[in-house]
Amino acid sequence: MCFLCEAKHSAWAGRRAFLLAAGAASATAVVPALAQVDVGPSSNLRKLVPAEELETAATQEYAQLLADAKAKGALAPAGNPQLQRLRNIAARLVPQTAQWNDRARQWNWQVNLLNSKEINAFCMPGGKIAFYTGIIDQLKLTDDEVAMIMGHEMAHALREHARARIAKSQGTGTLLSLGAQLLGLGQLGDMAASVGTQLLTLRFSREDETDADLVGLELAARAGYNPQASVSLWEKMGQAGGAAGGPSFLSTHPSGPQRIQQLQANVPKVQGLYQRARG
């Protein structure tokens, strides 16, 4: 997943230790004081990838994705009932996001629907959300279950998992180049073009997936969506995974009994938030 050439003999080699130490030292924990789920702070490594650069890459890739879908007649128009449904759900979730990442206040949140049988959904850095009709129609999702998927995907963006994964996956040359830019020592003008397509296929770690499950669960509960839907959702995902080949969503979002058990264990922690939101 390398998006910059590795500079094995970089002149910035002497600065690497400084950059790593500075990035870790300046990282602040992104965990709301009143969080009900226990996920710990976000990874310090995310600080090694500039948030603005990654969000720019995501915005460009998202725009290209929508343009391609529109050209093929696959982009749902504003009046589409399912798209309106998604946007209504997002309107309840977005106000809950800033407590998990203050940058979310500045994001231009967008939600779009793509006409495809593919079982898929994602949220790119900066709040760019897309659902495929296949995941809604084939799994016959309720609003509560849609909210769990959307909350999960939003959580990946809020917890900046893409920043951390890219930092972890790159060689010394990438980190040094990014560090040089941060110090005003160089430019990465093609970074957005280079990393954009990776954001659509990025595979998160098991820890990231658990993190997103729990943060998404709390987001949805605070927005008034039944936390029990997290369990029914992944039961449906597990059943869909038994089909030949399985849905592509499960290639990056593995299901299984352990995942369901963990969600079941955390549902009671957010039940009060759900009841309060429901009034």
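Modeller: Contact here means heavy atoms within 4.5 Å. Helices (H or I, at least four residues) and strands (E, at least two) are DSSP runs numbered from the N terminus. Axes are lines fitted to C-alpha atoms, for helices over the stretch in contact, and angles run from 0 to 180 degrees between N-to-C directions. With these terms, helix H3 (residues 81-93) lies across S1 and S3 and runs at about 150° to S1.

Colleague: What should I know about the model itself?

Modeller: The model is predicted, so local features need pLDDT of at least 70 and side-chain atom pairs count only at pLDDT 80 or more, while totals for chains, interfaces and linings use all residues. Residues are numbered from 1 along each chain as its sequence is written, and side-chain values use heavy atoms, with hydrogens and water left out.

Colleague: In what order do the 3 strands of the open sheet come?

Modeller: The order is S1-S3-S2, with mixed pairing; two strands pair if DSSP finds at least two bridges between them. S1 and S2 are the edge strands, each pairing on one side only. On average, neighbouring strands are turned by 15° against each other, direction ignored.

Colleague: How many bridges join S2 to S3?

Modeller: There are 4, and S2 and strand S3 (residues 128-132) run antiparallel. Ala121 has Phe131 as its bridge partner in S3, and Phe122 stands opposite Ala130. The two strands form a hairpin with 3 residues between them, and Gly126 in the turn has a positive phi of about 90°.

Colleague: And which way do the residues of S2 point?

Modeller: From strand S2 (residues 121-124), Ala121 and Cys123 point one way and Phe122 and Met124 the other, and all are buried. Buried means under 20% relative accessible area, exposed over 50%, and partly exposed in between, with a 1.4 Å probe and protein chains only.

Colleague: Why is S1 largely enclosed by the rest of the structure?

Modeller: Strand S1 (residues 110-114) is largely enclosed because 4 of its 5 residues are buried. S1 pairs with S3 in the parallel sense over 5 bridges, and Val111 stands opposite Ile129 in S3.

Colleague: Now the core. Which residues have the most contacts inside the largest one?

Modeller: Phe131, Ile135 and Met150 do, in a nonpolar core of 53 residues. Such a core is a set of buried Ala, Val, Leu, Ile, Met, Phe, Trp, Tyr and Cys residues joined through side-chain atoms within 4.5 Å. H5 gives the largest share of this core, 9 residues. Not counting residues up to four places away in sequence, Met150 touches Leu86, Ile89, Ala90, Leu93, Ile129 and Phe131.

Colleague: Where does Ile135 lie?

Modeller: Ile135 is in helix H4 (residues 133-138) and counts as buried, at 0% relative accessibility. Its C-alpha atom is separated by 7.4 Å from that of Ala121, 14 residues apart along the chain.

Colleague: Last, the helix packing. At what angle do H5 and H10 pack?

Modeller: Helix H5 (residues 143-158) and helix H10 (residues 229-240) pack at about 85°, with their axes 9 Å apart. That makes them roughly perpendicular, as angles under 35 degrees count as roughly parallel, over 145 as roughly antiparallel, 65 to 115 as roughly perpendicular and the rest as oblique.

Colleague: And H10 with H12?

Modeller: The axes of H10 and helix H12 (residues 257-278) come within 9 Å and cross at roughly 170°, so the two are roughly antiparallel.
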